[in-house]
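Welcome! Take a moment to look over the chain, and then let's walk through it together with some questions and answers.

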Amino acid sequence: MKHLLTATFVLASLIGFAQERLPQERLPQVPKGAWKSQEPTGSASTLIVADNYLAIASYSIGNKYFERTEGGPFTMSGDQMTYTPEFNSADSLKIGIPIVFTVTVKDDILTLKYEEAMVWMRVDDATSAPMAGAWHITEKAGDQGALVKIHQEGTRKTLKLLSATRFQWFAIDPGVKGFYATGGGTYTVKNGKYTEKIQFFSKDNNRVGSSLTFDHKLENGRWDHSGKSSDGKPIHEIWEKIQ
């Protein structure tokens, strides 16, 4: 695949060709949620679609190996998706260059076709999931423990995408084509607790398989998130959905 994660999906073209011969349901938008695909290298790829932003990550859980990630905003016109990468850990030259895909969805299979077809299988449907969306940090605890608003300068930012069951966060700077870190996996919310199970982490593969539990409160689009980070430091953050 030349433009969406450089790895080629060996069976994608064959599956896409076969699907063309069957009636297809063309949707005006990519369904919110998580999707997965398998790469020839043995690593898995996951796609999270949330609030007109998408993120893809390739990694191996068994080998605790992070391979690559990319993502950015997209718009839909009929069955045409225009995706503009804001980050790409494997090829920064592709950042900011729009790509137009033809989108089809049938029987929980999502196909994104450019020069070849990339085929994804549904993991979850996030249409009505309370936490599903694209989030950005707006406040965090200062040295004294009180929440302080984050004054965003320049284009550097940290975002977090959630489906109904999966999450991925990433620290990037589209203005300088910078990628700094990412992590992701699965999450659950129960009885005021938000728990993440890490399946990939670009900075430290040894954290793969560990779980983190945080106090959780969601009110009026504000996500109050507190506990300890993956390195054991206390954190208290406010995240808000990107409008």
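Q: What share of the residues of the chain count as buried?
A: This is a predicted model, and its chain has 243 residues. A residue counts as buried when its relative accessible area is under 20%. By that cut-off, the buried share of the chain is 44%.

Q: How many helices and strands does the chain have?
A: Strands will come up again and again in this tour. The chain has 1 helix, and its strands number 18.

Q: What percentage of the contacts with a separation of 6 or more is between residues 24 or more positions apart?
A: Contact here means heavy atoms within 4.5 Å. Taking the contacts in the chain with a separation of 6 or more, the part that comes from residues 24 or more positions apart is 46%.

Q: Which element gives the most residues to the largest nonpolar core?
A: That core has 17 residues, and those touching the most other members are Leu-47, Leu-54, Met-81, Leu-110 and Trp-120. Two or more residues come from each of the strands E2 (44-50), E3 (53-60), E5 (80-83), E7 (99-106), E8 (109-113) and E9 (117-125). With 4 residues, the element that gives the most is E7.

Q: How many residues are in the second, separate core?
A: Among the members of this core are Met-131, Tyr-187, Ile-198 and Trp-239. In soluble globular proteins, nonpolar side chains tend to be buried together. The number of residues in this second core is 13.

Q: Is strand E13 mostly covered or mostly uncovered?
A: E13 runs over residues 166-173. Of its 8 residues, 7 are buried, so by the cut-off of under 20% relative accessible area the strand is mostly covered.

Q: Which residue in E13 is the bridge partner of Lys-160?
A: Strand E12 (residues 157-162) and E13 pair in the antiparallel sense over 6 bridges. A hairpin joins the two strands through 3 residues. Across this pairing, the partner of Lys-160 is Trp-169.

Q: Which residue in the turn between E13 and E14 has a positive phi?
A: On its other pairing, E13 meets strand E14 (residues 178-190) in the antiparallel sense over 8 bridges, and Asp-173 has Gly-178 of E14 as its bridge partner. These two strands form a hairpin with 4 residues between them. The turn residue with a phi of about 55 degrees is Lys-177.

Q: Which residues lie nearest the centre of the largest pocket?
A: This pocket holds about 1,200 Å³ of space and is lined by 38 residues. Strands E12, E13 and E14 are among those that each supply at least two lining residues, and so are E10 (133-141), E15 (193-201), E16 (211-219) and E18 (234-241). Nearest the centre are Ile-137, Thr-158, Trp-169, Glu-237 and Trp-239.

Q: What is the relative accessible area of Asp-51?
A: Asp-51 lies in the loop between E2 and E3. Its phi is near 50 degrees, a positive value in a residue other than glycine. Most residues other than glycine have a negative phi. Asp-51 is partly exposed, with a relative accessible area of 28%.

Q: Where is Lys-64 found?
A: Lys-64 has a phi near 50 degrees, which is positive in a residue other than glycine. Lys-64 is partly exposed, with a relative accessible area of 36%. Its place is the loop between E3 and strand E4 (65-77).

Q: What distance separates the C-alpha atoms of Tyr-114 and Ile-99?
A: Tyr-114 is found in the loop between E8 and E9, and Tyr-114 is partly exposed, with a relative accessible area of 37%. Tyr-114 and Ile-99 are 15 residues apart along the chain. Their C-alpha atoms are separated by 8.0 Å.

Note on methods:
Residues are numbered from 1 along each chain as its sequence is written. This is a predicted model: local features need pLDDT of at least 70, side-chain atom pairs count only at pLDDT 80 or more; totals for chains, interfaces and linings use all residues. Side-chain values use heavy atoms; hydrogens and water are left out. Buried means under 20% relative accessible area, exposed over 50%, partly exposed in between (1.4 Å probe, protein chains only). Two strands pair if DSSP finds at least two bridges between them. A nonpolar core is a set of buried Ala, Val, Leu, Ile, Met, Phe, Trp, Tyr and Cys residues joined through side-chain atoms within 4.5 Å. On a 1 Å grid over the protein atoms alone, a cavity is a set of points where a 1.4 Å probe fits but cannot get out, and a pocket is an open set with protein on both sides within 12 Å along at least five of seven lines; lining residues have an atom within 4 Å of a point. Grid points are joined across faces, edges and corners, and a volume is the space filled by probe spheres set on the points.
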